[in-house]
Amino acid sequence: MSGAAARKHLLIGLTGGIGSGKSTVAALFEKLGARIIDTDALSRQLTRPGGGAIAAIRAAFGSAYLDVGGALDRNKMRALIFADPSEKKRLEAILHPAILAHAQQLAASATDAPYTLVVIPLLFETGNYRTWLDRTLTVDCAEAAQVARTMQRSGLDQAGVQAIMAQQTARAQRLALSDDVIRNDGDLAALTGQVAQLHGRYKAIAGGSD
(Lines give C-alpha, C1' and ligand atoms only; values in the text may rest on other atoms or scores of the structure.)
Protein backbone atom coordinates (compact mmCIF):
# COMPACT_ATOMS: atom_id res chain seq x y z
CA MET A 1 0.00 0.00 0.00
CA SER A 2 1.20 3.49 -0.77
CA GLY A 3 0.97 4.74 2.82
CA ALA A 4 2.97 1.84 4.17
CA ALA A 5 5.52 2.09 1.37
CA ALA A 6 6.18 5.76 1.99
CA ARG A 7 6.39 5.32 5.74
CA LYS A 8 7.98 1.85 5.66
CA HIS A 9 5.92 0.92 8.69
CA LEU A 10 2.48 -0.68 8.57
CA LEU A 11 -0.31 0.92 10.64
CA ILE A 12 -3.41 -1.14 11.41
CA GLY A 13 -6.46 0.19 13.21
CA LEU A 14 -8.03 -2.32 15.62
CA THR A 15 -11.66 -1.72 16.50
CA GLY A 16 -14.84 -3.50 17.53
CA GLY A 17 -18.01 -2.94 19.48
CA ILE A 18 -18.08 -2.68 23.25
CA GLY A 19 -17.36 -6.06 24.86
CA SER A 20 -16.03 -7.61 21.65
CA GLY A 21 -12.59 -8.41 23.08
CA LYS A 22 -10.36 -5.69 21.62
CA SER A 23 -8.04 -5.59 24.64
CA THR A 24 -7.57 -9.36 24.63
CA VAL A 25 -6.78 -9.37 20.92
CA ALA A 26 -4.36 -6.45 21.27
CA ALA A 27 -2.53 -8.28 24.06
CA LEU A 28 -2.17 -11.38 21.88
CA PHE A 29 -0.72 -9.32 19.02
CA GLU A 30 1.65 -7.62 21.44
CA LYS A 31 2.96 -11.00 22.62
CA LEU A 32 3.82 -11.80 19.00
CA GLY A 33 5.83 -8.60 18.62
CA ALA A 34 3.41 -5.95 17.37
CA ARG A 35 3.63 -2.46 18.80
CA ILE A 36 0.36 -1.39 20.43
CA ILE A 37 -0.95 2.17 20.71
CA ASP A 38 -4.12 2.30 22.81
CA THR A 39 -6.21 5.42 22.17
CA ASP A 40 -8.33 4.74 25.27
CA ALA A 41 -5.15 5.02 27.33
CA LEU A 42 -4.29 8.26 25.53
CA SER A 43 -7.77 9.58 26.32
CA ARG A 44 -7.31 8.77 30.00
CA GLN A 45 -3.99 10.63 29.99
CA LEU A 46 -5.64 13.69 28.48
CA THR A 47 -8.49 13.68 31.01
CA ARG A 48 -6.61 12.91 34.22
CA PRO A 49 -5.83 15.72 36.69
CA GLY A 50 -3.65 18.22 34.84
CA GLY A 51 -4.16 16.37 31.55
CA GLY A 52 -3.90 18.18 28.25
CA ALA A 53 -7.66 18.31 27.67
CA ILE A 54 -8.79 19.36 31.14
CA ALA A 55 -8.61 23.12 30.57
CA ALA A 56 -10.67 22.85 27.38
CA ILE A 57 -13.22 20.57 29.07
CA ARG A 58 -13.57 23.00 31.97
CA ALA A 59 -14.05 25.90 29.56
CA ALA A 60 -16.64 24.03 27.49
CA PHE A 61 -18.62 22.23 30.20
CA GLY A 62 -17.74 23.88 33.50
CA SER A 63 -16.00 22.59 36.60
CA ALA A 64 -19.10 20.55 37.49
CA TYR A 65 -17.91 17.93 35.01
CA LEU A 66 -14.59 17.45 36.79
CA ASP A 67 -14.26 15.29 39.88
CA VAL A 68 -12.80 16.43 43.20
CA GLY A 69 -9.31 15.52 42.01
CA GLY A 70 -9.59 17.58 38.84
CA ALA A 71 -10.05 14.70 36.39
CA LEU A 72 -12.95 14.33 33.99
CA ASP A 73 -15.98 12.97 35.86
CA ARG A 74 -16.74 10.17 33.43
CA ASN A 75 -20.03 9.11 34.99
CA LYS A 76 -21.44 12.63 34.94
CA MET A 77 -20.19 13.23 31.40
CA ARG A 78 -21.62 9.90 30.23
CA ALA A 79 -25.04 10.88 31.56
CA LEU A 80 -24.84 14.25 29.80
CA ILE A 81 -23.88 12.93 26.38
CA PHE A 82 -26.50 10.18 26.46
CA ALA A 83 -29.13 12.80 27.22
CA ASP A 84 -27.91 15.21 24.53
CA PRO A 85 -25.93 13.93 21.50
CA SER A 86 -24.78 17.47 20.69
CA GLU A 87 -22.81 17.47 23.94
CA LYS A 88 -21.07 14.30 22.82
CA LYS A 89 -19.95 16.09 19.66
CA ARG A 90 -18.60 18.97 21.74
CA LEU A 91 -16.55 16.58 23.86
CA GLU A 92 -15.30 14.68 20.82
CA ALA A 93 -14.22 17.94 19.18
CA ILE A 94 -11.91 18.46 22.16
CA LEU A 95 -10.62 14.92 22.61
CA HIS A 96 -10.37 13.31 19.19
CA PRO A 97 -7.90 15.70 17.52
CA ALA A 98 -5.65 15.57 20.59
CA ILE A 99 -5.79 11.77 20.74
CA LEU A 100 -5.02 11.47 17.03
CA ALA A 101 -2.07 13.86 17.28
CA HIS A 102 -0.61 11.92 20.21
CA ALA A 103 -1.13 8.58 18.45
CA GLN A 104 0.58 9.88 15.32
CA GLN A 105 3.51 11.11 17.40
CA LEU A 106 3.90 7.70 19.02
CA ALA A 107 3.56 5.89 15.70
CA ALA A 108 6.29 8.05 14.16
CA SER A 109 8.78 7.08 16.88
CA ALA A 110 11.37 4.40 16.20
CA THR A 111 10.41 0.78 16.80
CA ASP A 112 11.73 -2.71 16.09
CA ALA A 113 8.18 -4.02 15.75
CA PRO A 114 7.20 -5.16 12.25
CA TYR A 115 3.97 -3.15 12.40
CA THR A 116 1.88 -1.04 14.77
CA LEU A 117 -1.64 -1.85 15.91
CA VAL A 118 -3.61 1.24 16.95
CA VAL A 119 -6.55 0.31 19.19
CA ILE A 120 -9.40 2.72 18.32
CA PRO A 121 -12.81 1.77 19.77
CA LEU A 122 -14.58 4.48 17.72
CA LEU A 123 -12.53 4.13 14.55
CA PHE A 124 -15.49 4.15 12.16
CA GLU A 125 -17.57 6.54 14.25
CA THR A 126 -15.03 9.38 14.20
CA GLY A 127 -13.59 9.10 10.70
CA ASN A 128 -10.44 10.92 11.86
CA TYR A 129 -8.12 7.94 11.54
CA ARG A 130 -8.97 6.15 8.34
CA THR A 131 -6.82 8.16 5.93
CA TRP A 132 -3.85 7.71 8.29
CA LEU A 133 -4.15 3.94 8.66
CA ASP A 134 -3.14 1.31 6.13
CA ARG A 135 -5.65 -1.35 7.19
CA THR A 136 -8.56 -1.81 9.57
CA LEU A 137 -9.19 -4.89 11.73
CA THR A 138 -12.46 -5.51 13.56
CA VAL A 139 -12.94 -7.88 16.49
CA ASP A 140 -16.46 -9.25 16.12
CA CYS A 141 -18.76 -11.37 18.24
CA ALA A 142 -22.47 -11.96 18.70
CA GLU A 143 -24.29 -8.98 20.17
CA ALA A 144 -25.59 -11.11 23.04
CA ALA A 145 -21.97 -11.86 23.97
CA GLN A 146 -21.14 -8.14 23.88
CA VAL A 147 -23.94 -7.41 26.32
CA ALA A 148 -23.05 -10.26 28.69
CA ARG A 149 -19.32 -9.44 28.77
CA THR A 150 -19.88 -5.74 29.31
CA MET A 151 -22.43 -6.30 32.07
CA GLN A 152 -20.01 -8.63 33.84
CA ARG A 153 -17.04 -6.26 33.78
CA SER A 154 -18.73 -2.87 34.15
CA GLY A 155 -21.70 -3.34 36.42
CA LEU A 156 -24.00 -1.72 33.85
CA ASP A 157 -27.41 -3.29 33.34
CA GLN A 158 -28.59 -4.66 30.00
CA ALA A 159 -30.38 -1.46 29.03
CA GLY A 160 -27.27 0.59 29.77
CA VAL A 161 -25.06 -1.61 27.60
CA GLN A 162 -27.57 -1.62 24.78
CA ALA A 163 -27.76 2.17 24.93
CA ILE A 164 -24.00 2.34 24.39
CA MET A 165 -24.19 -0.16 21.54
CA ALA A 166 -26.94 1.88 19.88
CA GLN A 167 -24.57 4.85 19.65
CA GLN A 168 -21.83 2.80 18.00
CA THR A 169 -21.58 1.86 14.34
CA ALA A 170 -23.94 -1.00 13.54
CA ARG A 171 -22.30 -4.41 13.49
CA ALA A 172 -23.03 -5.08 9.81
CA GLN A 173 -21.66 -1.70 8.77
CA ARG A 174 -18.51 -2.14 10.87
CA LEU A 175 -17.84 -5.51 9.23
CA ALA A 176 -18.44 -4.09 5.75
CA LEU A 177 -15.92 -1.30 6.37
CA SER A 178 -13.19 -3.60 7.72
CA ASP A 179 -10.26 -5.02 5.77
CA ASP A 180 -9.87 -7.89 8.24
CA VAL A 181 -12.10 -9.52 10.86
CA ILE A 182 -11.35 -11.66 13.91
CA ARG A 183 -14.28 -13.68 15.27
CA ASN A 184 -14.36 -13.83 19.05
CA ASP A 185 -17.21 -16.26 19.64
CA GLY A 186 -15.03 -19.24 20.53
CA ASP A 187 -12.38 -20.06 23.11
CA LEU A 188 -8.99 -18.45 23.68
CA ALA A 189 -7.22 -21.08 21.57
CA ALA A 190 -9.38 -20.22 18.56
CA LEU A 191 -8.77 -16.52 19.11
CA THR A 192 -5.02 -17.05 19.45
CA GLY A 193 -4.94 -18.98 16.19
CA GLN A 194 -6.66 -16.20 14.28
CA VAL A 195 -4.27 -13.62 15.73
CA ALA A 196 -1.25 -15.72 14.77
CA GLN A 197 -2.53 -16.09 11.22
CA LEU A 198 -3.08 -12.36 10.81
CA HIS A 199 0.27 -11.59 12.45
CA GLY A 200 1.97 -13.60 9.73
CA ARG A 201 -0.02 -11.82 7.06
CA TYR A 202 0.76 -8.37 8.46
CA LYS A 203 4.46 -9.18 8.66
CA ALA A 204 4.37 -10.20 5.01
CA ILE A 205 2.57 -6.99 4.02
CA ALA A 206 5.07 -4.95 6.01
CA GLY A 207 7.96 -6.71 4.32
CA GLY A 208 9.10 -8.49 7.47
CA SER A 209 10.30 -12.06 7.74
CA ASP A 210 8.92 -14.92 9.82
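Two strands pair if DSSP finds at least two bridges between them. Helices (H or I, at least four residues) and strands (E, at least two) are DSSP runs, numbered from the N terminus.

The model is predicted: local features need pLDDT of at least 70, side-chain atom pairs count only at pLDDT 80 or more, and totals for chains, interfaces and linings use all residues. Residues are numbered from 1 along each chain as its sequence is written, and side-chain values use heavy atoms, with hydrogens and water left out.

**Exercise 1.** Determine the strand order of the sheet and state which strands stand at the edges.

*Solution.* Step 1: the open sheet has five strands, ordered S2-S3-S1-S4-S5, with parallel pairing. Step 2: strand S2 (35-38) and strand S5 (180-183) each have a single partner strand, so one side of each lacks a neighbour in the sheet. Step 3: from one strand to the next, the twist averages 25° (axes are lines fitted to C-alpha atoms, for helices over the stretch in contact; angles run from 0 to 180 degrees between N-to-C directions).

**Exercise 2.** Describe how S1 is joined to S3, and which strands helix H3 touches.

*Solution.* Step 1: S1 and strand S3 (residues 115-119) run parallel and are joined by five bridges. Step 2: Ile12 stands opposite Leu117 in S3. Step 3: helix H3 (residues 39-47) packs on the sheet, touching S2 and S3 (contact means heavy atoms within 4.5 Å); the direction of H3 makes about 45° with that of S2.
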